[in-house]
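Hi,

Here is the structure I said I would pass on.

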Amino acid sequence: MLLQPTVPMASLDELWFQVSGTLCNLKCEHCFISCSPVNDTFGYLSYERVMRMLKESVELGVKEYYFTGGEPFLNRELVPMIEQVLKVGPVTVLTNGTVLKADWLKRLQTAEQNSRYSLEFRVSIDGPTPEMNDPIRGERTFQRAINGVAMLCEYGFLPIITITRTWEENEEDAILDSFRAVLKEHGYHRPRLKVLPRLKMGGEEKRTEGYTPLERITPEMMEGFDVSQLLCNHSRVVTDRGVAVCPILIESESAQMGETLKESLVDFPLLEGACYTCYQYGSICANPSSKKVEA
Amino acid sequence: MNGKIAFFGGIYNNYLALEAAIADAHGRDISQIYCLGDLGAFGPHPDRVFPLLIENGIQTVQGNYDHSIGHALEDCQCGYTDPRDNHFASLSYAYTLENTSPEYRHWMKQLPAEIRFTWQNRSVLLCHGSPRKTNEFLWESTTSTAFLERLADEQDADIILGTHTGLHWHRRLENDRHFINVGVLGRPENDGTTNVWYTVLSVEEEEKTQGNSSVSVEFIPVRYDYEKLAREMEAENIPEEFIETIRTGWWTTCLEILPAKERRAGKY
């Protein structure tokens, strides 16, 4: 049994809303929390709950806000929620890009123009071709997501295409180049890309492999390590069950931190395999790409 | 201290803009000039910057670049994550490290990470990126006002000044407190103009509230001989992408770190 280090909660900088719980219109093979149209392990957040948490977050000096799921746009109150949050801080929405509607984007474009803050979209696509993407994300999802990207560009947004690395690292440059070329062909002239490491849990554990018992962080590994590379050092996520430590670990018992944000601001023990991935790559949930680990 | 004070952000080896900014500040009745660090990168002839700072008594904060060059570290600690951004950052870092003399590397190594003083009854805190982390990017469009209020509380400061992002901005907080990014002298601001920027603080007496005063923040555009700088960069074989930025005012590298609003404002 390895000793587990704990990470101090330094400063609540980013607040995440698990706004559609584990409900998603897609059922991606590698989803680390196994989201699907029928997985209601976690449910929708109500508008009132998001506003209540937003108020508490402003008192605590939160810097940025994120909406995730599942597919956030399945929550019919998402657009008014974003409009309200943009009045107090920057917003990032993580979407699969397949259910976007023009009238929502028009409203959000206006909301961003009236705000001093950025509204970012991260659109998940897992390869530059349907042949690479669709076996993971589902039939026709490549074309539907690309159409979503084109629609976001039409409304002036610069979506960050978020790609889970399901290739060998020596193939990375070629795949990303081909991704940029495809996006340009579809009218996205300055494509922004973010590469995510695989998280070997949920669907991905069944698709490929899970974490081995040795893929854990020891106290010695934390010596001299920049702890701000770990999300649990400066973020929390609101679910319909309470406040959890990070959006990756919402299903884990140890990740449940309390009912209010204030209660959740305590040290977190790095017990999980996913913590090892976060340690290895750093800032995996931030908008800029995380680093590539050289072989 | 009384009167107006001036703040320079990243110099990035641009000694010609630094000379022009010093001359401009001298014409404005400035009592003291401060520099918020990142003296190297991007431009030519790193060693031409230091004598200007030292001879003009410019108090300087240590930026991530200065820490890296001072300690001869492997990279600039700029905090980029995109491979293309890192590629260009490493070219300019290798050039600057090679062309900075040991004497000035030693000088940079000893610069303070922050400077604090009282000015016009206000506590002023100078840092490079943020008061809590030298290379933290605080962009205007991704930094909430609530966060800045917390920072000012935690740091017990009325006025916090930083640089690092390359873009100037100002947020007025409660009780006449302020967060200010002072801009940079090293390269233009990705807006299609070739000038660079620095910042002047002064106080305004308010007629309505007798005896009270409020802080005034002025961003000053600096025009300099950018064509001369561009030619010197060519002569030093500095990448064409950097020279294009100096000549056009549009950023060509280090773009992936920009948030949406800041990215849209540029050309690339």
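Predicted model: local features only at pLDDT ≥ 70, side-chain atom pairs only at ≥ 80, totals over all residues.

**Strand S6 of chain A**

Let's begin with S6(A), which covers residues 160–164. This strand is mostly covered, with five of its five residues buried. In a regular strand, side chains alternate between the two faces of the sheet. Here both faces are covered: Ile160(A), Thr162(A) and Thr164(A) sit on one side, Ile161(A) and Ile163(A) on the other, and all are buried.

S6(A) has strand partners too. Strand S5 of chain A (residues 119–124) runs parallel to S6(A), and three bridges join them. In that pairing you'll find Ser124(A) opposite Thr162(A). Strand S7 of chain A (residues 192–196) is also parallel to S6(A), this time with five bridges. There, Ile160(A) has Arg192(A) as its bridge partner. To get from S6(A) to S7(A), the chain passes through helix H6 (residues 172–185), and this β-α-β crossover is right-handed.

**Rings**

Over all chains, a search of the whole structure turns up 19 aromatic pairs. One of them is Phe8(B) with Tyr198(B), an edge-to-face pair with 5.2 Å between the centres and 90 degrees between the planes. This pair links distant parts of the chain: Phe8(B) belongs to strand S1 (residues 4–8) of chain B and Tyr198(B) to strand S9 (residues 196–205) of chain B, 190 residues apart. Both Phe8(B) and Tyr198(B) are buried.

Phe137(B) counts as buried because its relative accessible area is 14%, under the 20% cut-off. Trp139(B) is buried as well, at 5%.

Over in chain A, Phe73(A), Trp104(A), Phe121(A) and Phe157(A) form one aromatic cluster.

Lys63(A) lies over the face of Phe147(B), 5.8 Å from the ring centre. Arg187(B) does likewise with Trp251(B), at 3.8 Å from the ring centre.

**Ser254(A)**

Ser254(A) is in the loop between strands S9 (242–244) and S10 (256–258) of chain A. Its relative accessibility is 25%, so Ser254(A) counts as partly exposed. The Ser254(A) side chain makes a polar contact of 3.0 Å with the side chain of Ser252(A), and another of 3.5 Å with that of Glu272(A). Leaving out neighbours within four places in sequence, Ser254(A) is in contact with Phe268(A), Leu271(A) and Glu272(A). If you want a distance to check, Ser254(A) and Pro219(A) are 18 Å apart, C-alpha to C-alpha, and 35 residues apart in sequence.

**His168(B)**

Where is His168(B) placed? It is in the loop between strands S6 (159–162) and S7 (169–172) of chain B. At 19% relative accessibility, His168(B) counts as buried, because the cut-off is under 20%. Its side chain joins that of Glu189(B) in a polar contact of 2.9 Å. Not counting residues up to four places away in sequence, His168(B) touches Asn181(B), Val182(B), Gly183(B), Glu189(B), Trp197(B) and Phe219(B).

Cheers

Key
Residues numbered from 1 in each chain as written. Chains lettered and ligands numbered in written order. Heavy atoms only, no water. Buried < 20%, exposed > 50% of the residue type's maximum accessible area, 1.4 Å probe, protein only. Helix = DSSP H or I, 4+ residues; strand = E, 2+ residues; numbered from the N terminus. Pairing = 2+ DSSP bridges. Right-handed = clockwise from strand over helix to strand, strands pointing away. Phe/Tyr/Trp six-rings, centres within 6.5 Å; stacked < 30°, edge-to-face > 60°. Lys NZ or Arg CZ within 6 Å of the ring centre and 35° of its normal. Contact = heavy atoms within 4.5 Å. Polar contact = N/O pair within 3.5 Å; in protein donor to acceptor, adjacent residues only side chain to side chain.
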